[in-house]
Amino acid sequence: MESFIATGLIGISLGTQYTLLALGFTLIFGILGVVNFAHGGFYVMGGYVAYYCNVILGLPYPFAVLMAMLSMAALGWLFEAFILERVIEDHQATLMVTMGFYLVMATAILMIFGAESPQFPFPVTGVWRLGGIYFPYANMIVLGACLAAIVFVYWLVYRTNIGRGMRAMSEDLPVASALGMRTKALFPFAFALATGLAGGTGALVTPILALAPHVGDSVLAFSFLTVILGGLGSVTGATCAAFIVGLIEAYAAVYLGGSKGALTLFALVLIILVVRPQGLLGREVRRS
Amino acid sequence: MNNRVPKSVPAEIRASLFSGHDWIALAIVSLTFVIPFTSTNPQVLSQTNLILIAATAALGVYIMQRLDLMSFAVPSFMAIGGYTVALLSMKLQLTDVFVLAAAAFLMPALCAIPLGALILRLKGVYFVLVTFVLTEIVQLLLFEAGPITGGSNGLVGMPAVKIFGMELWDNPHVLLTTCGLAFFSFIITSVFTRWFRSEFAAIETNDVLAESLGLAAWKYKAMAFSVAAGVSGLAGFALVNMLLTAHPSSFAPMSSVNYITYTIVGGKASILGTLIGALLLVSATDYFALSGEMSPGLFGLLIIVVTMVARGGVVGVVSGLLYRLAGQSPSLKNGDHDLGGNGEKGQ
């Protein structure tokens, strides 16, 4: 029973991490209609920026996380404004440029930091114990930071004018534009918000999991799983789905072993895509 | 009910089965048959092998692009074709190249039929996502189904294939096998995409409208998906035959990005584009071999540049220039330049 609860806690912790990744991914799809193949790249690069600031420059870890978020948000802004914006009307072209940008990012990381996985330990060690339940402090801190970020995103999206503008554009872009929403400003902002979240998640999570140039591939795959399960473009759906994915992954890893958990998830998502493409909480199929 | 639309297609256009680009592509692939007989340089043989395998695999992307569908499923079907060949040759001692080629084409093509029935209702990003997920599942299955696929060790020690009882075991003969498979794949793809070009063009332009006008879009989509799977399977055969091993890493999900890149950079509007894309990019990878880790970044840059400034890819740009030099105004949209048999658009 204690093992079951401890696994559940790990699952919830994973769920919060996937939520942050999926929120960025789903915001970009919902508002811009773009499937961002570079999302995993922003995650990895955020991890490396934090590693550089914290380990190489010796800056405090919270500052390193902040730097990772800001630098990835800036990079995302520039990418959207100067590259993605020019092909935004063509869904295949947006896929291609985000895919190309991911390859450029992964290669840049490889050239700068090398193929070896660097030592990037989480600054806090130790384990919280309650009876037979163990939960590392690092996971607790990441859980708290991720929950705070999720609350911030929800506040931004549902309680501010910028958020209302973004939601209006995701509902009906032509009407929102006609009513004065400035797509030229809001599109890069939404993209920067999403990539900033990805960078921040990378900075928080890679010290616990792994930091290597190509971990973005699996991050991309799990982001896909989460947003498809929740419904592309649905913020609440992505949040619910992230916790489902996190819990299934944690329990499958403990009770099934190997890659059966991932296989189960992928098969589940394939079925959902086929029978209900709009996902669990998506309202309609958007043809981007 | 006859759902094809032959009445709208003039007989003379239907008769010109291959376009100019098709003929050029077939001629280039035919010329590669000379290499095994004239060169013993392992570098040349290996490079030609890689280019032909890449071009054959990219045909799977090209076929689905005729329907405005971006497929990431090529490595899945390559794996099915490759593992089928490995299992037949290792477990059943079937080594005849014709039997193996038939199996490598038919097995993925047959698997694609029920899969297609499920996923071809999707389009746009949903189709992209479902094919990506499918490739991930196949990759995981290759690892999990250890008793059949050898798991993470793969299937090692394939016997050499035979043609009329003669073993094709050394490098030139392996290349000869690849040339044959590539030529067969290009012929199939050319005939298939040109024969149904008006139907595919209708579906690519507006599948809902095409369906409302009586075209059974699902039928053409299913056929295209199945043929694309079969051609990918032949590429898988060529790959495992070259490596003499069927291993999951040869069919990694992200390798689909390479095949898409060959198609887009070369020019997605014609079959020649996939060949030119593979030729240029596989050669470029080899050229930059000293700093091999740079090649994905180079691919990425090329993808971005071509997508932004030359949607027609290399072939589209060159065709456009030739039109201008010839003083013609093809008035084609980006990416649709095709010199064609009579200079017509590949429609």
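Helices here are DSSP runs of H or I with at least four residues, and strands are E runs of at least two, numbered from the N terminus. The model is predicted. On that basis, chain A reads α-α-α-α-β-β-α-α-α-α-α-α-α from its N terminus. Its contacts with chain B involve 40 residues of chain A and 32 residues of chain B.

**Chain A fold**
- Chain A has 11 helices and 2 strands.
- A compact globule of 288 residues would have a radius of gyration near 19 Å, and chain A agrees with its 19 Å.
- Along the principal axes, the C-alpha atoms of chain A fill a box of roughly 60 × 45 × 35 Å.
- Of the 288 residues in chain A, 53% are buried.
- Take the contacts in chain A between residues at least 6 apart in sequence: 77% of them join residues at least 24 apart.

**Interface, chain A side**
- 40 residues of chain A touch 32 residues of chain B.
- H4 (91–113), H9 (216–230) and H11 (260–275) of chain A each supply at least two residues of the side that touches chain B.
- H4(A) gives the largest share of that side, 17 residues.
- By type, the side of chain A that touches chain B has 29 nonpolar, 7 polar and 4 charged residues.

**Helix H4 of chain B**
- H4(B) covers residues 42–65; at 1.5 Å a residue, its 24 residues should span 34 Å.
- The end C-alpha atoms of H4(B) are 34 Å apart, which agrees.
- H4(B) bends by about 25° at Leu59(B).
- H4(B) is largely enclosed by the rest of the structure, because 18 of its 24 residues are buried.

Key. Residues are numbered from 1 along each chain as its sequence is written. Chains are lettered from A and ligands numbered from 1 in the order in which they are written. This is a predicted model: local features need pLDDT of at least 70, side-chain atom pairs count only at pLDDT 80 or more; totals for chains, interfaces and linings use all residues. Two residues are in contact if their C-beta atoms, placed from the backbone, lie within 7 Å. Ala, Val, Leu, Ile, Met, Phe, Trp, Tyr, Cys and Pro count as nonpolar, Asp, Glu, Lys and Arg as charged, and the others, Gly among them, as polar. The expected span of a helix is 1.5 Å times one less than its number of residues. The bend at a residue is the angle between axes fitted to the seven residues ending there and the seven starting there. A residue is buried if 20 or more other C-beta atoms lie within 10 Å of its own, exposed if 12 or fewer, and partly exposed in between; C-beta atoms are placed from the backbone. The radius of gyration is taken over C-alpha atoms; the globule rule is 2.2 Å times the number of residues to the power 0.38.
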